[in-house]
Amino acid sequence: MAALGREAGADQRAAGVVPVGVGEAPEDIKMPTYIYGQSSPSLGDAKLRKPMIIEIIEKKIEYLRKEKTLNIYGTVTFGTTAGFSGILANLIFRHCFKVKHDALKTYASLTTLPFLSTIVSYELLVKHALYSGNISRENCVLRSSLIGIVCGVLYPTALAFSKNGRLAVKYHTVPLPPKGRVLLYWLLLCQTEIKAMVIPLILQTALGIYHGLQHYAIFESTLEQTVHED
């Protein structure tokens, strides 16, 4: 029996197979070691990166909040001046046509409609196009100033002229114009007072140029910061 065991061991050694004893580990198997109190490198890097990431996010949120505040204030200011232009136009034409009726209705529409039309037009034609990268600085200023002129002066003037002209015809507050010459008659009737609309024209043009330059500067600073962070 012992002879058979010695022969089997000799055969295994000849074949290159070494038997493993009880409680012994093979030499080619490496056991993972862990030293208590030693932190993993990846965990340490994550702990160091976490405050930096939080700080970057906080700065980005603060910057976006300031940018959004500037955008909202600028657009609302632009729309508000258009609303005041509508009030002035309504006042002028009510005086020219001697209209006393529907004061609240005309003032409400002449304030609200120019305000909303200016904000919506500015959002679509200037800010949306700007952040889409489709317009240059000069084009941005041109669009902004044209919105100020059209939505802040021409539109409220035409709206006030139309509404108060209809009220004048309805309540016969002024003599009816000759047939076929209604527009010319009414323009001649208020040609002196309508010159006061030059004031909002200059104001809306200047505000349009200013807001166009301001929003383009905000867009450039946002773009530079994004590129820098990338």
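1. **Ground rules.** The model is predicted, so local features need pLDDT of at least 70 and side-chain atom pairs count only at pLDDT 80 or more, while totals for chains, interfaces and linings use all residues. Residues are numbered from 1 along each chain as its sequence is written, and side-chain values use heavy atoms, with hydrogens and water left out.

2. **Overall build.** The chain holds 6 helices and 0 strands, in the order α-α-α-α-α-α from the N terminus. Helices here are DSSP runs of H or I with at least four residues, strands are E runs of at least two, and both are numbered from the N terminus. Of the 230 residues, 29% are buried; buried means under 20% relative accessible area, exposed over 50%, and partly exposed in between, with a 1.4 Å probe and protein chains only. Taking contacts between residues at least 6 apart in sequence, 81% link residues at least 24 apart, where contact means heavy atoms within 4.5 Å.

3. **α3 against α4.** Two packed helices are described by the angle between their axes and the distance between the axes. The axes of α3 (residues 103-131) and α4 (residues 137-171) come within 9 Å and cross at roughly 160°. Axes are lines fitted to C-alpha atoms, for helices over the stretch in contact, and angles run from 0 to 180 degrees between N-to-C directions. α3 and α4 are therefore roughly antiparallel to each other; angles under 35 degrees count as roughly parallel, over 145 as roughly antiparallel, 65 to 115 as roughly perpendicular and the rest as oblique. The residues of this contact divide into 16 nonpolar, 7 polar and 2 charged.

4. **α4 against α5.** How do α4 and α5 lie relative to each other? They are roughly perpendicular, since α4 and α5 (residues 182-189) pack at an angle of about 100° with their axes 12 Å apart. On the α4 side, F161, G165, R166 and V169 meet L183, W186 and L187 of α5. The residues of this contact divide into 5 nonpolar, 1 polar and 1 charged.

5. **N164.** Leaving out residues up to four places away in sequence, N164 touches N90, F93, R94, F97 and V99.

6. **S109.** Apart from residues up to four places away in sequence, S109 touches P114, L159 and K163.

7. **H215.** The side chains of H215 and Y122 make a polar contact at 2.7 Å. H215 and V141 are 74 residues apart in sequence, yet 9.2 Å apart in space, C-alpha to C-alpha.

Note on methods. Ala, Val, Leu, Ile, Met, Phe, Trp, Tyr, Cys and Pro count as nonpolar, Asp, Glu, Lys and Arg as charged, and the others, Gly among them, as polar. A polar contact is a pair of N or O atoms within 3.5 Å; within protein, one must be able to donate a hydrogen and the other to accept it, and residues adjacent in sequence count only if both atoms are side-chain atoms.
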